[in-house]
Amino acid sequence: MPNNLKQIRGGTVVLGSTVVQTDILVEGERIRAVGDLGDAGADVVIDAGGLLVFPGAVDTHVHFNDVFMGTVSVHDYYTGTLAAAYGGVTSVVDFSNQVPGGTLAKTLQDKRDEAAGKALVDWGTHPVITQSTDETLDEIPLIVEQGAATIKCYMTYREDGLLIEMEDLERIAKRLSDSGGMLMLHAEDNRTIEENVPRLISAGKTGSIYHAKSKPPEVETEAIRGIVEMARNTGAKFFVVHLASDGGLRLITAARAEGLDITAETCTHYLMFTEEVLERDDGIKWICSPPLREKTVQDRLWNGLQAGQIAMVTSDDAAYSWEAKLYGIDRFDKCPNGIPGVETRLHMLYSEGVAKERISLPHFVDLIATNPARLFGLSPSKGSLTPGSDADIVFFDPNARWTMGHDTLHMGADWSAYEGIDVKGKIVKVFSRGELIVDGEECLAVRGRGRYIHRSL
(Lines give C-alpha, C1' and ligand atoms only; values in the text may rest on other atoms or scores of the structure.)
Protein backbone atom coordinates (compact mmCIF):
# COMPACT_ATOMS: atom_id res chain seq x y z
CA MET A 1 0.00 0.00 0.00
CA PRO A 2 1.55 3.38 -0.95
CA ASN A 3 2.53 5.66 1.91
CA ASN A 4 1.79 2.89 4.42
CA LEU A 5 5.20 3.09 6.08
CA LYS A 6 6.27 6.50 7.43
CA GLN A 7 9.53 7.34 9.13
CA ILE A 8 9.77 10.41 11.36
CA ARG A 9 13.38 11.57 11.59
CA GLY A 10 15.35 14.19 13.46
CA GLY A 11 12.85 15.12 16.14
CA THR A 12 13.46 15.38 19.88
CA VAL A 13 11.12 12.66 21.12
CA VAL A 14 9.55 12.31 24.57
CA LEU A 15 9.62 8.63 25.54
CA GLY A 16 8.41 8.21 29.10
CA SER A 17 10.95 9.92 31.36
CA THR A 18 13.47 10.21 28.50
CA VAL A 19 13.88 12.99 25.94
CA VAL A 20 16.05 11.86 23.03
CA GLN A 21 16.64 12.60 19.38
CA THR A 22 15.48 9.46 17.64
CA ASP A 23 13.30 8.04 14.86
CA ILE A 24 9.73 6.75 14.85
CA LEU A 25 8.49 4.24 12.29
CA VAL A 26 4.75 4.27 11.64
CA GLU A 27 3.05 1.43 9.82
CA GLY A 28 -0.55 2.17 8.93
CA GLU A 29 -2.29 3.40 12.06
CA ARG A 30 0.29 2.28 14.62
CA ILE A 31 3.84 2.84 15.75
CA ARG A 32 5.99 -0.03 14.59
CA ALA A 33 9.38 0.93 16.04
CA VAL A 34 11.19 3.69 17.91
CA GLY A 35 14.97 4.15 17.88
CA ASP A 36 17.93 4.75 15.61
CA LEU A 37 16.34 3.18 12.56
CA GLY A 38 18.68 4.32 9.81
CA ASP A 39 17.10 3.72 6.41
CA ALA A 40 13.99 1.74 7.32
CA GLY A 41 12.71 1.64 3.75
CA ALA A 42 9.76 3.85 4.50
CA ASP A 43 7.44 5.04 1.76
CA VAL A 44 7.55 8.53 3.27
CA VAL A 45 10.24 10.21 5.37
CA ILE A 46 9.03 13.12 7.52
CA ASP A 47 11.57 15.61 8.83
CA ALA A 48 10.96 16.68 12.44
CA GLY A 49 14.32 18.45 12.82
CA GLY A 50 14.28 21.20 15.45
CA LEU A 51 10.88 20.08 16.77
CA LEU A 52 9.65 18.29 19.85
CA VAL A 53 7.73 15.08 19.18
CA PHE A 54 5.32 13.71 21.77
CA PRO A 55 2.10 11.67 21.95
CA GLY A 56 -1.23 13.20 21.04
CA ALA A 57 -2.92 14.74 24.06
CA VAL A 58 -5.81 12.99 25.78
CA ASP A 59 -8.55 15.22 27.22
CA THR A 60 -10.90 13.23 29.42
CA HIS A 61 -13.05 16.21 30.46
CA VAL A 62 -15.00 17.91 27.68
CA HIS A 63 -18.67 18.85 27.37
CA PHE A 64 -19.88 18.58 23.76
CA ASN A 65 -23.55 19.20 22.94
CA ASP A 66 -23.99 19.95 26.63
CA VAL A 67 -27.48 21.10 27.65
CA PHE A 68 -27.07 23.18 30.80
CA MET A 69 -28.56 26.27 32.46
CA GLY A 70 -30.95 27.10 29.65
CA THR A 71 -28.53 26.69 26.76
CA VAL A 72 -26.41 24.17 24.86
CA SER A 73 -22.66 24.27 24.32
CA VAL A 74 -21.53 25.42 20.87
CA HIS A 75 -19.01 22.59 20.61
CA ASP A 76 -20.59 19.60 18.91
CA TYR A 77 -18.62 16.63 17.64
CA TYR A 78 -17.36 18.56 14.65
CA THR A 79 -16.55 21.97 16.11
CA GLY A 80 -15.33 20.44 19.36
CA THR A 81 -13.04 17.86 17.80
CA LEU A 82 -11.82 20.45 15.28
CA ALA A 83 -10.68 22.64 18.17
CA ALA A 84 -9.24 19.55 19.86
CA ALA A 85 -7.22 18.63 16.78
CA TYR A 86 -5.71 22.12 16.50
CA GLY A 87 -4.86 21.83 20.19
CA GLY A 88 -2.93 18.59 19.70
CA VAL A 89 -5.71 16.55 21.32
CA THR A 90 -6.18 13.24 19.50
CA SER A 91 -8.55 11.62 22.02
CA VAL A 92 -11.42 13.13 24.00
CA VAL A 93 -13.86 11.67 26.50
CA ASP A 94 -17.17 13.48 26.69
CA PHE A 95 -20.02 13.40 29.21
CA SER A 96 -23.52 12.18 28.44
CA ASN A 97 -26.26 12.97 30.96
CA GLN A 98 -28.94 10.43 31.68
CA VAL A 99 -32.22 11.99 30.52
CA PRO A 100 -35.34 11.84 32.69
CA GLY A 101 -36.73 8.33 32.42
CA GLY A 102 -33.84 7.27 30.18
CA THR A 103 -31.28 4.52 30.53
CA LEU A 104 -27.50 4.65 30.69
CA ALA A 105 -27.41 2.72 27.43
CA LYS A 106 -29.23 5.64 25.85
CA THR A 107 -26.47 8.00 26.98
CA LEU A 108 -23.97 5.94 24.98
CA GLN A 109 -26.21 5.72 21.94
CA ASP A 110 -26.85 9.48 22.05
CA LYS A 111 -23.13 10.13 21.77
CA ARG A 112 -22.71 7.63 18.95
CA ASP A 113 -25.44 9.49 17.09
CA GLU A 114 -23.85 12.88 17.82
CA ALA A 115 -20.38 11.76 16.72
CA ALA A 116 -21.48 9.97 13.55
CA GLY A 117 -20.24 11.82 10.48
CA LYS A 118 -18.71 14.59 12.61
CA ALA A 119 -15.89 13.48 14.95
CA LEU A 120 -12.39 14.24 13.67
CA VAL A 121 -10.52 12.54 16.52
CA ASP A 122 -11.18 9.44 18.60
CA TRP A 123 -13.66 9.77 21.43
CA GLY A 124 -15.20 8.03 24.42
CA THR A 125 -18.07 8.63 26.81
CA HIS A 126 -18.55 9.06 30.55
CA PRO A 127 -22.24 8.40 31.32
CA VAL A 128 -23.65 10.77 33.95
CA ILE A 129 -26.15 9.27 36.38
CA THR A 130 -28.99 11.65 37.22
CA GLN A 131 -31.45 9.06 38.58
CA SER A 132 -30.12 6.68 41.20
CA THR A 133 -32.86 4.08 40.79
CA ASP A 134 -32.40 0.35 41.20
CA GLU A 135 -32.85 0.01 37.43
CA THR A 136 -30.00 2.45 36.79
CA LEU A 137 -27.70 0.68 39.24
CA ASP A 138 -28.50 -2.69 37.70
CA GLU A 139 -27.44 -1.31 34.31
CA ILE A 140 -23.94 -0.31 35.47
CA PRO A 141 -22.20 -3.66 34.74
CA LEU A 142 -23.53 -3.64 31.17
CA ILE A 143 -22.33 -0.09 30.58
CA VAL A 144 -18.85 -0.97 31.86
CA GLU A 145 -18.79 -3.93 29.46
CA GLN A 146 -19.63 -1.53 26.63
CA GLY A 147 -16.42 0.41 27.25
CA ALA A 148 -17.64 3.19 29.53
CA ALA A 149 -16.00 2.21 32.79
CA THR A 150 -16.03 5.72 34.23
CA ILE A 151 -19.32 7.24 35.38
CA LYS A 152 -19.84 10.74 36.71
CA CYS A 153 -22.19 12.16 39.32
CA TYR A 154 -22.78 15.69 40.55
CA MET A 155 -22.97 16.67 44.21
CA THR A 156 -24.82 19.89 43.34
CA TYR A 157 -27.04 21.49 40.63
CA ARG A 158 -30.40 20.42 42.03
CA GLU A 159 -32.31 22.83 39.77
CA ASP A 160 -30.69 21.31 36.69
CA GLY A 161 -31.68 17.81 37.74
CA LEU A 162 -28.10 16.66 38.33
CA LEU A 163 -27.76 16.42 42.12
CA ILE A 164 -27.21 12.96 43.60
CA GLU A 165 -27.37 12.70 47.41
CA MET A 166 -24.56 11.14 49.43
CA GLU A 167 -26.41 7.95 50.32
CA ASP A 168 -27.10 7.26 46.66
CA LEU A 169 -23.54 8.14 45.67
CA GLU A 170 -22.30 5.43 48.00
CA ARG A 171 -24.64 2.87 46.42
CA ILE A 172 -23.47 3.87 42.94
CA ALA A 173 -19.82 3.73 43.97
CA LYS A 174 -20.19 0.21 45.37
CA ARG A 175 -21.94 -1.13 42.28
CA LEU A 176 -19.47 0.58 39.94
CA SER A 177 -16.47 -0.70 41.90
CA ASP A 178 -17.83 -4.24 41.82
CA SER A 179 -18.10 -3.89 38.03
CA GLY A 180 -14.50 -2.69 37.61
CA GLY A 181 -15.28 0.99 37.15
CA MET A 182 -14.47 4.36 38.72
CA LEU A 183 -16.82 7.07 40.00
CA MET A 184 -16.05 10.62 38.94
CA LEU A 185 -17.45 13.36 41.17
CA HIS A 186 -18.16 17.06 40.79
CA ALA A 187 -17.31 17.95 44.38
CA GLU A 188 -19.25 20.91 45.75
CA ASP A 189 -21.35 20.94 48.91
CA ASN A 190 -24.86 21.66 47.71
CA ARG A 191 -26.34 22.66 51.06
CA THR A 192 -23.94 25.58 51.48
CA ILE A 193 -24.43 26.74 47.89
CA GLU A 194 -28.20 26.71 48.26
CA GLU A 195 -27.84 28.87 51.36
CA ASN A 196 -25.29 31.29 49.91
CA VAL A 197 -26.78 32.07 46.50
CA PRO A 198 -30.18 33.45 47.61
CA ARG A 199 -28.54 35.32 50.48
CA LEU A 200 -26.17 37.14 48.13
CA ILE A 201 -28.85 37.82 45.52
CA SER A 202 -31.25 39.28 48.10
CA ALA A 203 -28.43 41.53 49.32
CA GLY A 204 -27.95 42.88 45.79
CA LYS A 205 -24.58 41.14 45.37
CA THR A 206 -25.17 39.87 41.87
CA GLY A 207 -21.93 40.56 39.93
CA SER A 208 -19.58 37.89 38.63
CA ILE A 209 -17.29 37.99 41.64
CA TYR A 210 -20.15 36.85 43.85
CA HIS A 211 -20.30 33.58 41.98
CA ALA A 212 -16.94 32.85 43.61
CA LYS A 213 -18.17 34.18 46.96
CA SER A 214 -21.17 31.86 46.81
CA LYS A 215 -18.82 28.89 46.41
CA PRO A 216 -15.78 29.56 48.60
CA PRO A 217 -13.04 26.91 48.74
CA GLU A 218 -14.65 25.36 51.81
CA VAL A 219 -17.59 24.28 49.64
CA GLU A 220 -15.28 22.05 47.63
CA THR A 221 -13.29 20.91 50.64
CA GLU A 222 -16.41 19.79 52.50
CA ALA A 223 -17.61 17.76 49.53
CA ILE A 224 -14.20 16.10 49.19
CA ARG A 225 -14.26 15.27 52.89
CA GLY A 226 -17.44 13.32 52.19
CA ILE A 227 -15.79 11.54 49.25
CA VAL A 228 -12.90 10.45 51.45
CA GLU A 229 -15.36 8.98 53.94
CA MET A 230 -17.16 7.17 51.11
CA ALA A 231 -13.85 5.72 49.99
CA ARG A 232 -13.24 4.40 53.49
CA ASN A 233 -16.72 2.87 53.63
CA THR A 234 -16.75 1.29 50.19
CA GLY A 235 -13.17 0.64 49.11
CA ALA A 236 -14.29 2.00 45.72
CA LYS A 237 -12.25 3.96 43.22
CA PHE A 238 -12.95 7.71 43.01
CA PHE A 239 -11.82 10.55 40.76
CA VAL A 240 -12.31 14.20 41.74
CA VAL A 241 -12.79 16.41 38.69
CA HIS A 242 -11.59 20.03 38.39
CA LEU A 243 -9.85 20.30 41.77
CA ALA A 244 -9.52 23.97 42.73
CA SER A 245 -8.90 24.18 46.48
CA ASP A 246 -5.95 23.83 48.80
CA GLY A 247 -8.05 22.09 51.45
CA GLY A 248 -9.33 19.58 48.91
CA LEU A 249 -5.82 18.84 47.70
CA ARG A 250 -4.64 18.26 51.26
CA LEU A 251 -7.51 15.85 51.94
CA ILE A 252 -6.86 13.87 48.75
CA THR A 253 -3.12 13.72 49.38
CA ALA A 254 -3.72 12.40 52.91
CA ALA A 255 -6.32 9.92 51.67
CA ARG A 256 -3.92 8.50 49.10
CA ALA A 257 -1.24 8.16 51.77
CA GLU A 258 -3.83 6.23 53.78
CA GLY A 259 -4.20 3.84 50.86
CA LEU A 260 -7.55 5.06 49.57
CA ASP A 261 -8.09 5.03 45.81
CA ILE A 262 -8.80 8.71 45.13
CA THR A 263 -7.23 10.60 42.24
CA ALA A 264 -7.67 14.22 41.14
CA GLU A 265 -7.23 16.46 38.15
CA THR A 266 -7.10 20.21 37.88
CA CYS A 267 -7.90 22.31 34.81
CA THR A 268 -6.03 24.81 32.67
CA HIS A 269 -8.04 27.84 33.75
CA TYR A 270 -7.25 27.35 37.45
CA LEU A 271 -3.55 27.47 36.57
CA MET A 272 -3.94 30.54 34.34
CA PHE A 273 -6.46 32.85 36.02
CA THR A 274 -7.39 33.99 39.51
CA GLU A 275 -10.68 35.30 40.84
CA GLU A 276 -9.50 38.87 40.17
CA VAL A 277 -10.72 38.54 36.57
CA LEU A 278 -14.26 38.15 37.89
CA GLU A 279 -14.10 41.80 38.97
CA ARG A 280 -13.75 42.91 35.34
CA ASP A 281 -16.66 44.27 33.30
CA ASP A 282 -16.49 41.08 31.21
CA GLY A 283 -16.03 38.87 34.27
CA ILE A 284 -18.79 36.52 33.13
CA LYS A 285 -16.24 35.01 30.74
CA TRP A 286 -14.59 33.28 33.68
CA ILE A 287 -17.65 32.05 35.58
CA CYS A 288 -17.07 28.32 36.05
CA SER A 289 -17.56 25.79 38.81
CA PRO A 290 -15.71 25.43 41.04
CA PRO A 291 -14.86 29.13 40.71
CA LEU A 292 -11.43 30.60 40.10
CA ARG A 293 -9.51 31.12 43.34
CA GLU A 294 -6.95 33.45 44.92
CA LYS A 295 -3.32 33.48 43.79
CA THR A 296 -2.22 31.47 46.84
CA VAL A 297 -4.51 28.62 45.81
CA GLN A 298 -3.28 28.79 42.23
CA ASP A 299 0.30 28.50 43.49
CA ARG A 300 -0.71 25.50 45.60
CA LEU A 301 -2.18 23.79 42.54
CA TRP A 302 1.07 24.28 40.62
CA ASN A 303 2.94 22.88 43.61
CA GLY A 304 0.57 19.92 43.67
CA LEU A 305 1.32 19.22 40.02
CA GLN A 306 5.05 19.45 40.63
CA ALA A 307 4.81 17.06 43.58
CA GLY A 308 2.71 14.52 41.71
CA GLN A 309 -0.26 15.07 44.01
CA ILE A 310 -2.46 16.01 41.03
CA ALA A 311 -2.42 13.39 38.31
CA MET A 312 -3.41 15.38 35.24
CA VAL A 313 -4.64 18.62 33.70
CA THR A 314 -7.81 18.65 31.60
CA SER A 315 -9.71 21.45 29.89
CA ASP A 316 -13.25 21.02 31.29
CA ASP A 317 -14.19 22.49 27.92
CA ALA A 318 -17.68 24.00 28.23
CA ALA A 319 -18.11 26.39 25.33
CA TYR A 320 -21.23 28.52 25.51
CA SER A 321 -22.01 31.41 23.20
CA TRP A 322 -21.47 34.98 24.32
CA GLU A 323 -25.23 35.48 24.09
CA ALA A 324 -25.71 32.64 26.58
CA LYS A 325 -22.98 33.90 28.92
CA LEU A 326 -24.79 37.25 28.94
CA TYR A 327 -27.69 35.56 30.73
CA GLY A 328 -25.59 36.23 33.82
CA ILE A 329 -24.58 39.85 33.17
CA ASP A 330 -26.80 41.09 36.02
CA ARG A 331 -27.21 37.82 37.95
CA PHE A 332 -24.21 35.54 38.40
CA ASP A 333 -26.49 32.58 39.11
CA LYS A 334 -27.99 32.78 35.60
CA CYS A 335 -24.66 32.53 33.75
CA PRO A 336 -23.88 29.12 32.22
CA ASN A 337 -20.83 27.86 34.10
CA GLY A 338 -17.92 27.04 31.82
CA ILE A 339 -14.95 28.15 29.72
CA PRO A 340 -13.95 27.01 26.21
CA GLY A 341 -10.55 25.36 26.54
CA VAL A 342 -10.06 22.13 24.60
CA GLU A 343 -7.67 23.85 22.18
CA THR A 344 -5.74 25.97 24.68
CA ARG A 345 -4.75 23.34 27.25
CA LEU A 346 -1.59 21.93 25.64
CA HIS A 347 -0.22 25.33 24.62
CA MET A 348 -0.91 26.92 27.99
CA LEU A 349 0.59 24.10 30.03
CA TYR A 350 3.72 24.10 27.90
CA SER A 351 4.10 27.89 27.88
CA GLU A 352 3.35 28.39 31.58
CA GLY A 353 4.74 25.09 32.79
CA VAL A 354 7.65 23.79 30.71
CA ALA A 355 8.89 27.09 29.27
CA LYS A 356 8.86 28.69 32.73
CA GLU A 357 10.57 25.62 34.25
CA ARG A 358 7.70 24.78 36.58
CA ILE A 359 7.46 21.24 35.17
CA SER A 360 9.74 19.09 33.03
CA LEU A 361 8.92 18.09 29.48
CA PRO A 362 8.30 14.41 30.41
CA HIS A 363 6.04 15.51 33.28
CA PHE A 364 4.14 17.76 30.88
CA VAL A 365 3.49 14.74 28.62
CA ASP A 366 2.38 12.71 31.64
CA LEU A 367 -0.13 15.41 32.62
CA ILE A 368 -1.70 15.89 29.19
CA ALA A 369 -1.43 12.40 27.67
CA THR A 370 0.08 9.47 29.53
CA ASN A 371 -1.72 9.75 32.86
CA PRO A 372 -5.17 10.48 31.39
CA ALA A 373 -4.80 7.51 29.04
CA ARG A 374 -3.69 5.22 31.87
CA LEU A 375 -6.26 6.31 34.44
CA PHE A 376 -9.21 6.27 32.05
CA GLY A 377 -8.56 3.05 30.18
CA LEU A 378 -7.19 4.36 26.88
CA SER A 379 -3.70 2.88 27.22
CA PRO A 380 -1.72 1.21 25.78
CA SER A 381 -3.24 2.44 22.50
CA LYS A 382 -3.17 6.08 23.55
CA GLY A 383 -0.91 8.36 25.56
CA SER A 384 2.60 7.19 24.65
CA LEU A 385 4.95 6.70 21.72
CA THR A 386 5.61 2.99 22.12
CA PRO A 387 5.61 0.21 19.52
CA GLY A 388 2.09 -1.09 19.08
CA SER A 389 0.37 2.09 20.23
CA ASP A 390 -1.74 4.23 17.94
CA ALA A 391 0.36 6.69 15.94
CA ASP A 392 -1.15 9.74 17.63
CA ILE A 393 1.76 12.17 17.35
CA VAL A 394 2.30 15.91 17.79
CA PHE A 395 5.14 17.96 16.29
CA PHE A 396 5.78 21.05 18.41
CA ASP A 397 8.03 24.06 17.85
CA PRO A 398 9.33 25.07 21.30
CA ASN A 399 10.76 28.36 20.03
CA ALA A 400 7.68 29.76 18.31
CA ARG A 401 6.07 32.81 19.88
CA TRP A 402 2.54 33.98 19.24
CA THR A 403 -0.42 35.73 20.85
CA MET A 404 -3.45 33.67 21.79
CA GLY A 405 -6.95 35.02 21.24
CA HIS A 406 -10.20 34.39 19.44
CA ASP A 407 -8.64 35.19 16.06
CA THR A 408 -5.72 32.78 16.52
CA LEU A 409 -7.78 29.89 17.91
CA HIS A 410 -10.27 27.57 16.23
CA MET A 411 -12.80 26.96 18.99
CA GLY A 412 -16.50 27.31 18.25
CA ALA A 413 -17.28 30.04 20.77
CA ASP A 414 -17.48 33.64 19.58
CA TRP A 415 -15.23 34.83 22.42
CA SER A 416 -12.12 33.68 24.27
CA ALA A 417 -11.07 33.72 27.91
CA TYR A 418 -7.44 33.61 26.71
CA GLU A 419 -7.44 36.86 24.77
CA GLY A 420 -4.06 38.59 24.36
CA ILE A 421 -1.92 36.00 26.16
CA ASP A 422 1.64 35.68 24.84
CA VAL A 423 2.53 32.05 24.24
CA LYS A 424 5.84 30.27 23.84
CA GLY A 425 5.70 27.13 21.70
CA LYS A 426 3.29 26.12 18.95
CA ILE A 427 1.89 22.94 17.42
CA VAL A 428 3.19 22.35 13.88
CA LYS A 429 1.62 19.02 12.89
CA VAL A 430 -0.82 16.55 14.43
CA PHE A 431 -1.18 12.90 13.41
CA SER A 432 -4.10 10.72 14.49
CA ARG A 433 -3.60 6.99 13.97
CA GLY A 434 -0.84 7.76 11.49
CA GLU A 435 -2.91 10.22 9.47
CA LEU A 436 -1.83 13.86 9.24
CA ILE A 437 -4.92 15.75 10.42
CA VAL A 438 -3.43 19.19 11.16
CA ASP A 439 -0.63 20.74 9.13
CA GLY A 440 0.08 24.24 10.37
CA GLU A 441 -3.15 26.17 9.95
CA GLU A 442 -4.75 23.57 7.68
CA CYS A 443 -7.04 20.85 8.99
CA LEU A 444 -6.89 17.78 6.73
CA ALA A 445 -9.17 15.50 8.74
CA VAL A 446 -12.32 14.13 7.14
CA ARG A 447 -15.52 14.50 9.14
CA GLY A 448 -16.52 11.28 10.85
CA ARG A 449 -13.03 9.70 10.87
CA GLY A 450 -12.99 9.68 14.70
CA ARG A 451 -13.71 6.32 16.33
CA TYR A 452 -15.36 5.31 19.58
CA ILE A 453 -12.80 4.26 22.20
CA HIS A 454 -13.79 1.19 24.20
CA ARG A 455 -12.29 1.79 27.63
CA SER A 456 -11.71 -0.65 30.48
CA LEU A 457 -9.81 0.04 33.69
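Guide: Angles between axes under 35 degrees count as roughly parallel, those over 145 as roughly antiparallel, those from 65 to 115 as roughly perpendicular, and the rest as oblique. This is a predicted model, in which local features need pLDDT of at least 70, side-chain atom pairs count only at pLDDT 80 or more, and totals for chains, interfaces and linings use all residues. Residues are numbered from 1 along each chain as its sequence is written, and side-chain values use heavy atoms, with hydrogens and water left out.

Visitor: How should I read two packed helices, and at what angle do the axes of α2 and α3 cross?

Guide: Two packed helices are described by the angle between their axes and by the distance between those axes. Axes are lines fitted to C-alpha atoms, for helices over the stretch in contact, with angles from 0 to 180 degrees between N-to-C directions. Helices are DSSP runs of H or I with at least four residues, numbered from the N terminus. Here the axes of α2 (residues 104-115) and α3 (residues 134-145) come within 8 Å and cross at roughly 50°, and α2 and α3 are therefore oblique to each other.

Visitor: Which residues make the contact between α2 and α3?

Guide: Contact means heavy atoms within 4.5 Å; on the α2 side it is made by L104, A105 and L108, and on the α3 side by T136, E139, I140 and I143.

Visitor: Is N190 buried or exposed?

Guide: Buried means under 20% relative accessible area, exposed over 50%, and partly exposed in between (1.4 Å probe, protein chains only). N190, in helix α5 (residues 190-202), is buried, with a relative accessible area of 8%. Not counting residues up to four places away in sequence, N190 touches M155, T156, Y157, R158 and L163.
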